[in-house]
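Please take a moment to examine the sequence and the three-dimensional structure shown below. The paragraphs that follow lead through several of its parts in turn.

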Amino acid sequence: MDELEVDAQDVVRLMLQFCKENGLKESQRALQTESQVALNTVESVEGFLTDVQTGNWDAVLTAVQSLQLPIKKLMALYEQVVMELLELREVDVARAMLRQTECLQTMKQEKPDRYMRLEHLCARPVWDGREAYEGSSNKEQRRIELAKMLSTEVSVVPPSRLLVLVGQALKWQQHQGLLPPGTQFDVFRGTAAAKPDESDEYPTKSTHTIKFGKKSHAECAAFSPDGQFLVSGSIDGFVEVWDHETGKLRKDLKYQANDELMMHEDAVLSLAWSKDSEIVATGDQGGKIKIWKVRTGQCVRKFERAHVQGVTCLAFSRDSTQLCSASYDASMRMHGLKSGKTLKEMRGHTSYINHCAYTADGLRICSSGSDGWVKVWDPKTAECLHSWRPNPSGQEIAVNCCYPMPKSDHIIVCDRSSTAYLCTLQGQVVRTLSSGKKTGGDFLSASVSRMGTWLYCLAEDNSLYIFNCNDGKLEHIVSAHDKEPIGLAHHPHRNVVATYADDGTLKIWRP
């Protein structure tokens, strides 16, 4: 599709028109001065020229205040106004205009003879039209000449052009299926405002299935905090942005429409969103981390050797200035987004770290590893504050993930068994949530619903187990995939869950 070039001056004119129509005179003047772009529009060209020809100078000068006219034409206009004031014997007003108006002061500097002629007319005790209008010219002819001169400088545009164009753009997006009808749209950020679901309901129906290539599948996926995007990282290194409403690739992102996808050289194992949904971080099998601007697909930062082995998990700090990464190398590291440097390292696990997450208040980081330990860290000092094994037998069972509960200081811990645990940060088990399956049903990944009512556990038997967090009961079981489930993600505002598996599918689930 050929791109339409928009002149920057036209954009400024749209802003000037908006300021003018809404009475933002100071803003209009400042923008016009700084940009050196003139709006030069009037409500009616015909009406403006009629005012000039009939000598309705109050209306003409009011309109001229918001126009940028060539200095020669401004001189001619104000010269005519001064002479007609003298004809009416408004000598004091004429003299004040002559000596205080900027364009007439410019005339004094550049055309002193012409200026002194007006001063001489001001000093005359009586008005003499023949002296004022030299040659065969007269007042009416001078007005006609002025009107003809100014007609090339002004134009009329339809009202509210800025808002009309924005409205047309939104309608086009709706027509293309990029914006569902009735959706509220945040024009400033360029995103549709996601309307939260009122109640916390668990999904049971697969509404869309995203299929990857024959030799590809998603290794990680996450919804953006504003709920607009679903991003996946694949074993073939691609990072793709999806529309969870349609299950299709977001073609409104220019780089994806041009098949210029974000990508790594190695399999993408982990990803995380910044809190403002503008930045996504991705980690790969080779230990590299990349930072991307989602709306442009631009890689703005690389951590080439973030870890010596694969990056298994990523988490942004509360202010999104730092990024925590976990790895197969049994370490966690803090990276500065501005400096591009590794700031701290946290060691204590003796095997792969499978997951890391900030607590709800952003003051602590929880980690879970294949060594069977859950650890709680102080991100400022890199000190391990608490460490425990959730399994009551104390066995070394790999802990897959540890998720903070919404608006709570508790965390959900899911290990490689058929039981998940609701725990305090100190390691006290508050509640157990078990499928009761003895073999073949170990949990691989878990996620908590947006209000903390439901726990979703994806198991090796291809099922999604749904637990009530309030009483620990198993509420529902969904057959999710045909082959080797990998992980899941929950929408931040909606009752929507995404699951992905080695069978090359990513499924969207709704109630």
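This is a predicted model: local features need pLDDT of at least 70, side-chain atom pairs count only at pLDDT 80 or more; totals for chains, interfaces and linings use all residues.

Are Phe443 and Tyr465 buried or exposed? Phe443 is buried, and Tyr465 is buried as well. Buried here means a relative accessible area under 20%.

The structure holds 7 aromatic pairs. With a relative accessibility of 28%, Tyr328 counts as partly exposed. Tyr352 is also partly exposed, at 41%.

Phe443 lies in strand E25 (residues 443–448) and Tyr465 in strand E27 (residues 463–468), so the pair ties together parts that are 22 residues apart in sequence. Ring pairs also bring in Phe467, which forms a cluster with Phe443 and Tyr465. A ring can also have a charged side chain over its face: Lys375 lies over the face of Trp373, at 5.4 Å from the ring centre.

Attention may now turn to strand E30, which comprises residues 497–501. How many of its residues are buried? The strand is mostly covered, with 5 of its 5 residues buried. Both faces are covered: Val497, Thr499 and Ala501 are buried on one side, and Ala498 and Tyr500 are buried on the other.

Strand E29 (residues 485–490) pairs with E30 in the antiparallel sense over 5 bridges. Within this pairing, Pro485 stands opposite Ala501. The two strands E29 and E30 form a hairpin, with 6 residues between them. Strand E31 (residues 505–510) also runs antiparallel to E30, and 4 bridges join them. Here the bridge partner of Tyr500 is Leu506. E30 and E31 likewise form a hairpin, with 3 residues between them, and Gly504 in the turn has a positive phi of about 85°.

The loop between E29 and E30 contains Asn495. Why does Asn495 count as buried? Its relative accessible area is 4%, and buried means under 20%. The side chain of Asn495 makes polar contacts with backbone atoms elsewhere in the chain. One of its polar atoms lies 2.9 Å from the backbone oxygen of Ser199, and the side chain also reaches the backbone nitrogen of Glu201 at 3.3 Å. When residues up to four places away in sequence are not counted, Asn495 touches several others, including Asp197, Pro203, Arg450, His490 and Trp509.

Strand E3 (residues 205–211) contains Thr207. At 37% relative accessibility, Thr207 counts as partly exposed. Leaving aside neighbours within four places in sequence, Thr207 is in contact with Ile508 and Arg510. The side chain of Thr207 also makes a polar contact with the side chain of His208, at 3.3 Å. Thr207 and Lys248 are 41 residues apart in sequence, and their C-alpha atoms are 12 Å apart in space.

In helix H3 (residues 45–54), Phe48, Leu49 and Val52 are buried. Seen down the axis of H3, the buried residues fall within an arc of 95°, so they line one face of the helix. On the other side of H3, Glu46 and Thr54 are exposed. What do the buried residues of H3 pack against? They pack against helix H4 (57–64) and helix H10 (139–151). H3 is followed by Gly55, which has a positive phi near 75°.

Definitions and conventions
Residues are numbered from 1 along each chain as its sequence is written. Side-chain values use heavy atoms; hydrogens and water are left out. Buried means under 20% relative accessible area, exposed over 50%, partly exposed in between (1.4 Å probe, protein chains only). Two strands pair if DSSP finds at least two bridges between them. Rings of Phe, Tyr and Trp (its six-membered ring) pair if their centres lie within 6.5 Å; planes under 30 degrees apart count as stacked, over 60 as edge-to-face and the rest as tilted. A charge sits over a ring if NZ of Lys or CZ of Arg is within 6 Å of the ring centre and within 35 degrees of the ring normal. A polar contact is a pair of N or O atoms within 3.5 Å; within protein, one must be able to donate a hydrogen and the other to accept it, and residues adjacent in sequence count only if both atoms are side-chain atoms. Contact means heavy atoms within 4.5 Å. The arc is that of the directions from the helix axis to the C-beta atoms.
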